[in-house]
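Please look over the chain displayed below, together with its sequence, before reading on. The report that follows takes up cavities, charged pairs, the surface and the backbone in turn.

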Amino acid sequence: MEKEEKVAAEAAAAEARRRLVIGVGFWVQGFRLFPWLGVNFFLKDGMGVAASSLQILQASANLPMVAKPLLGLLSDAVPIRGHRRLPYVAIGALLQAISWLAIALWPAISLPVLTIFLLSSNFGASICEVANDAIVAEAGKQVTSSSGSGQLQSFAWMFGSSAGALGNLLGGVALSYFSPKIMFLFFAILLVIQFFTTVAIPESSLRLPKAATNLSALTSIRKQVKELSCALCMPEMFWSIIWFTLSYTVIPFLLGTMFFYQTEMLRLDSSVIGLSKVFGQVALLVWSMSYNKYFKTMSARKVLSVLQFAIALIMLSDVLFVQGIYRKIGIPDSIYTIVFSGLFEGLMFFKVLPFSVHIAKLCPAGCEGSVMAFVMSALALATIVSGYLGVALAAFVGVTGDDFSALPACLLIEAACTMLPLCCSSLIKERREKEKKEE
């Protein structure tokens, strides 16, 4: 009896440490929205960047995220001092800290130099996210009860979205009193704290699957590549990822154009923009809790299709907003921006949680990091392409930083493109009930 109690206590302690690592990791990465809100205003007001250039930079800054499959392979196959996760989290946090410190302290920074450091920061963030996602996937595999399925994903999302809400709230207020560079410096200090916190926790105490020590790095990478290829060749895995990627790629996002419309045309204050992003993060937080409680047993195809349709409805609502319909019926521009623009940005990422849970259920043991990294890489590449398509669409229709007369037409095209993935939602494959019972 005493031995069983000791084992149970050790398991509980390991679970608590895993949640600490996951909570800190996702919280800090969620709080990245704090400095990035400052980046948007720093580019627009401090450096005089045009709307199209701002959106191109926003999309291009995600390029390091495309390298996630390679980082996932490294994390799975090349342990550092026998550990595969926490050393990579520490390296990513340190790289981000150096990048944001350089941006904050560099005098009269130029646009090319700023772009290099933003890319470096996102590369560090991608390293952290790959390792954190793998920890969530591996720890989630140890949950045997159906009631526990998806709980760690929801836990991570709650921490990330709550940090995003706080970051946007503080960012909107901070921009009224401090320069963006002070925001960059503050976030760099948080990253340094994350680095030392991660280094202080031994990975062995998390009870994660151990890396094979009898294989060379090259052999391990080849083994992981083979396992990743086999996993991606599973029909339910392959076609689900295809649909998820297309659901972002086909949409010409106009986030940079709408940011300029709200700040230049409507003259909305930075606090309003910050509150709209806070609303989106709060919506993400509510969604993560609701999904874990009410929707995790539903079909992934049904949940993802409903979310895709809701995104299209918000885009159609934006058409009425730009045409001034809501203003005429007494809804202020600031209120609409806070609620609906924030909800739209949140909705764009609502799909990631159910899809991550769906893929984690399908993923074979041993290559969780590689598969989840591949999915996030596909998402990053899809958002980059959609951002470029949005710039091309705005240029083709004739929307500029001071002429928004054709913006309603752009939004209608954007909404129509959003509906296209619903025509092929059958690509989202579920695991057969017979296979579930056998497993």
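Which helix supplies the largest share of the lining of the second largest cavity? That share comes from α1, with four residues. The model is a predicted one, in which local features need pLDDT of at least 70 and side-chain atom pairs count only at pLDDT 80 or more, while totals for chains, interfaces and linings use all residues. Residues are numbered from 1 along each chain as its sequence is written, and side-chain values use heavy atoms, with hydrogens and water left out.

**The second largest cavity**

A search of the whole structure finds three cavities of 30 Å³ or more. A cavity here is a set of points, on a 1 Å grid over the protein atoms alone, where a 1.4 Å probe fits but cannot get out, and its lining residues have an atom within 4 Å of a point. Grid points are joined across faces, edges and corners, and a volume is the space filled by probe spheres set on the points.

At least two lining residues are supplied by each of α1 (2–30), α5 (86–105) and α8 (180–199), where helices are DSSP runs (H or I, at least four residues) numbered from the N terminus. Sorted by class, the lining has six nonpolar and four polar residues and no charged ones. In this sorting Ala, Val, Leu, Ile, Met, Phe, Trp, Tyr, Cys and Pro count as nonpolar, Asp, Glu, Lys and Arg as charged, and the others, Gly among them, as polar.

**Salt bridges**

Side chains of opposite charge can pair when their charged atoms come close. With a salt bridge taken as a side-chain nitrogen of Lys or Arg within 4 Å of a carboxyl oxygen of Asp or Glu, the count comes to six.

Arg32 is buried at 10% relative accessibility, where buried means under 20% relative accessible area, exposed over 50%, and partly exposed in between (1.4 Å probe, protein chains only).

Lys44 counts as buried at 12% relative accessibility. Glu264, at 25%, is partly exposed, whereas Arg267 has a relative accessible area of 62% and is exposed. Salt bridges that share partners join these four residues, Lys44, Asp45, Glu264 and Arg267, into one network.

**Surface and backbone**

Where does the nonpolar surface patch of about 600 Å² lie? Leu169, Val173, Tyr177, Phe178, Ile182 and Leu275 make this patch, in which residues have over 30% relative accessible area and no salt bridge, with nonpolar side chains (Val, Leu, Ile, Met, Phe, Trp, Tyr) joined within 5 Å and, for charged patches, like charges joined within 9 Å. The areas come from the Shrake-Rupley method with a 1.4 Å probe, and for residues only the protein chains shown count as cover. One of its members, Leu169, lies in helix α7 (residues 151–174) and is partly exposed at 36% relative accessibility.

Arg267, already named in the network, has a positive phi of about 60° although it is not a glycine, and it lies in the loop between α11 (255–265) and α12 (270–295). Ala108, likewise not a glycine, has a positive phi of about 50°; Ala108 is placed in the loop between α5 and α6 and is exposed, with a relative accessible area of 77%.

Glu236, in helix α10 (residues 235–249), is buried at 13% relative accessibility. The C-alpha atoms of Glu236 and Lys429 are separated by 4.4 Å, although the two are 193 residues apart along the chain. Phe42, in helix α2, is buried at 15% relative accessibility, and its C-alpha atom is separated by 22 Å from that of Ala163, 121 residues apart along the chain.

Conventions. On a 1 Å grid over the protein atoms alone, a cavity is a set of points where a 1.4 Å probe fits but cannot get out, and a pocket is an open set with protein on both sides within 12 Å along at least five of seven lines; lining residues have an atom within 4 Å of a point.
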